[in-house]
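Reader: I am new to reading structures. Please take me through one part of this one closely.

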Amino acid sequence: MSELFIAKTMPEEDWSQVSKPNGWDDVAYGRIITDNNLGVYVADARQGDTNGKATIILPQWSDGTLHNPLSQERAKATAAIEGGVVLYVDNPGVEFDLPKMPGYIKQALLSGDFKPGAIKQWDAIAQGLDYVGLDFDSISRVVGASLGAHVASAIVCTAPEEVHLERMDLWETAGLGEENNFLQFAANFMMHGGDGYADILKNNPEWVALRGINGAKSLAKLAIRRTAGLFYYPWAINRHDIGNTIIEAKNRKNPAIDGDTALTILNGTESKVSPRELNNRLATQLVLNGFSRVIRLESEGGVHASQDNIGWWTEAELLL
């Protein structure tokens, strides 16, 4: 019998000024460029153990493994908390120093299909795992936030047969309403839904120095140099049915996820990009289609830009 687990709340006061997680300073990390020209940021907290589990994190809309150091900090925080390996994999066509988005991926995204890009990312993941001496069967978890949630659904739908996940996390999933007006959706998405971005940074003094970037300048640079990457992903998000893709993944032969995989669905109570009612609808859809461990979570006072708060990210990791 499938069941929707009761939502928990992560109050804002619990994540506004969170310290670095235990083990942070012991994480080994580095960035590699794979043979298919994607960046993979590897964070390893195994401390000498040659085995261990691996987590894959899929990027937010404009994040990359180089130009936005905050992406690296998410990987390091997750590795420190889990005591394992975390691979943070670029989305094709976003990072400055790598090739532009291939035409076949553009065409797929126009129809709301993330799978061709996910297959390219799996090739990069394979090389990242080899870099730390692991295989596909070590992967136990996939995390996707915002755009990354849609990419995560395509990742599990195209996974090698050796992969079986204990847990999949969909946080602040953007574009859940198929009826959304694209222009309004894009405006909300690009502006974090009117979120208080400056306040989030102000409330996290310990983490601000780690960012090392000017968000506005980086976004402007991306808009000039990676117009295709920035346009095609919001377009695809607004056309993609993430619930159906996850159900399709479960129904594959040798699936990476099944009814016993824990699925966490998290949004902020104040988020305009990922509203509560649409996350509830997604959770219900998955329960009705055979997922028995769907867990609804909310962050009290959270907004879409809360992802850019490492305190929020760390608290989300510690919820379960």
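At what angle do the axes of helix 3 and helix 4 cross, and within what distance do they come?

Author: Keep in mind that this model is predicted. Start with helix 3, residues 115–131. Its axis and that of helix 4 cross at roughly 70°. The two axes come within 9 Å. Angles of 65 to 115 degrees count as roughly perpendicular, so helix 3 and helix 4 are roughly perpendicular to each other. Now look at who touches whom. Helix 3 brings Lys115, Ala118, Gln121, Trp122 and Ile125 to the contact. Helix 4 answers with Val151, Ala154, Ile155 and Cys157. Sort these residues by class, and you get seven nonpolar, one polar and one charged.

Stay with helix 4, which spans residues 147–157. Helix 4 also packs with helix 10, residues 242–250. Here the angle is about 20°, and the axes lie 8 Å apart. Angles under 35 degrees count as roughly parallel, so helix 4 is roughly parallel to helix 10. Their crossing is left-handed. On the helix 4 side, find Ala149, His150, Ser153, Ala154, Val156 and Cys157. On the helix 10 side, find Ile242, Thr245, Ile246, Glu248 and Ala249. This contact divides into seven nonpolar residues, three polar and one charged.

Last, compare the lists for helix 4. Ala154 and Cys157 meet helix 10, and Ala154 and Cys157 also take part in the contact with helix 3.

Terms used: Residues numbered from 1 in each chain as written. Predicted model: local features only at pLDDT ≥ 70, side-chain atom pairs only at ≥ 80, totals over all residues. Heavy atoms only, no water. Axes fitted to C-alpha atoms, helices over the stretch in contact; angles between N-to-C directions. Helix = DSSP H or I, 4+ residues; strand = E, 2+ residues; numbered from the N terminus. Parallel < 35°, antiparallel > 145°, perpendicular 65-115°, else oblique. Left-handed = near helix turned anticlockwise from the far one by under 90°. Contact = heavy atoms within 4.5 Å. Nonpolar A, V, L, I, M, F, W, Y, C, P; charged D, E, K, R; others polar.
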